[in-house]
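Reader: Could you walk me through this structure, one question at a time?

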Amino acid sequence: MPRQLIALAAAFAATTAGAYALHAQPAAPGGDPLPAEAAAPPPVQPAPTVQPVEPPSSVAPTPVATPKPAVSAPDGEPGDQIVSVEAGLASGGRVTPGGLRINGHYLYQLSERDWFDGAVGFTFGSGQGACFRDRSDKVICRHGLADGTGVELSARIRRMLTPRGVFHPFAQIGIGLGLARFSDDDVSGVTFPLHGGGGVRVAVAPTIAVVIEDELALGIGSFNRGLGTQPQFSFTFTAGVEFQLR
Amino acid sequence: MRTAIIAALALLAACQSSDVSREVGARCDKDTECDERCLASGPGYPGGFCTIACDTRNDCPGGSTCADREGGVCLFTCNGDRDCTFLGTGWRCDTADLRGAGIKVNVCRGN
């Protein structure tokens, strides 16, 4: 990933993180909680007393290996990356496309709890016509929950919340830019949705996790055929698999 | 707060309310603009008229009946010309044969 893009993501995270009204406890990078020893401050040691200097020993001390969390970056530094693929359903209506949803995600760790999530999403619904001209020649569209097709690029910030057993919940918000198309009506438009939602991930292997998400999208779209600016509203439920890249 | 939400939802719903639909009543130039059939614009159907084929009045949605025209199509019922003004200029209330019943009904049609 180019450094410029990472810097941009970090700047986006900094401006967006303030919008969270969450009171989550810190979680470890990679989605696992930090061990209690790592989270607590080191105990205060009493001042050392002067001891007689012993002659150097000929036997060097044996180094002690420190166990490393399975899905944490080395030394707890941010920088982990995850890719995922998800499938599910998206509700549409009017001029919001709905139907089968396929998402691909790239996640990059920004801080202890926050991840940048860049995603591309495809929506596949029916192309059935549902627009008509009323008697004043105004175009009205009444598409159903699973009509239309769409593609969207989006950027989110995911905040990992306090784990509950094997379940690691998260919340996320973001923005998107998409294209919507209703083929039988020859209606197309550009959409600008805002995303908010959450989910839970469950690690099933050191670098693999199952994730379930639901999300609400609200926004506007600009459409042809005289429809102009129209509201966008969608609810999405997806499930998929995440793969840690290192 | 609840009243404001209900009002906002009602306003949103009203934004796209219409007396006509792709099934019956929408303007059209071709069949693909309708659920089934477009009666092309002309003196009989000014602006074009989406409709569906029918054999009896039960085949037609509420507010319309099966007129014995064009092989049987659903047209809006009326009691006077005022009832047809929502369809635009050139529409009036006139009699037509009710398909399959041998009686007359009042429907909106072109001049």
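This is a predicted model: local features need pLDDT of at least 70, side-chain atom pairs count only at pLDDT 80 or more; totals for chains, interfaces and linings use all residues.

Reader: Which strands of chain A make up the closed barrel?

Author: The barrel has eight strands, and their pairing is antiparallel. On average, neighbouring strands are turned by 25° against each other, direction ignored. In order, the barrel runs E1-E2-E3-E6-E7-E8-E9-E10.

Reader: Let's zoom in on one pair. How many bridges join strand E3 of chain A to strand E6 of chain A?

Author: E3(A) covers residues 114-124 and E6(A) covers residues 149-160, and the two run antiparallel. Within this pairing, Phe116(A) stands opposite Ile157(A). Phe116(A) and Ile157(A) also belong to a second, separate core of seven residues, which includes Tyr108(A) and Trp115(A) too. The number of bridges joining the two strands is 11.

Reader: Which element gives the largest share of the largest nonpolar core?

Author: That core has 34 residues, and Val187(A), Cys50(B), Cys74(B), Leu75(B) and Cys108(B) have the most contacts inside it. Leaving out residues up to four places away in sequence, Val187(A) touches several residues, among them Cys131(A), Phe182(A) and Phe223(A). Strands of both chains give two or more residues to the core, including E7 (167-182) of chain A and E6 (103-110) of chain B. The largest share, four residues, comes from E4(B).

Notes:
Residues are numbered from 1 along each chain as its sequence is written. Chains are lettered from A and ligands numbered from 1 in the order in which they are written. A nonpolar core is a set of buried Ala, Val, Leu, Ile, Met, Phe, Trp, Tyr and Cys residues joined through C-beta atoms within 7 Å. A residue is buried if 20 or more other C-beta atoms lie within 10 Å of its own, exposed if 12 or fewer, and partly exposed in between; C-beta atoms are placed from the backbone. Two residues are in contact if their C-beta atoms, placed from the backbone, lie within 7 Å. Two strands pair if DSSP finds at least two bridges between them. Axes are lines fitted to C-alpha atoms, for helices over the stretch in contact, and angles run from 0 to 180 degrees between N-to-C directions.
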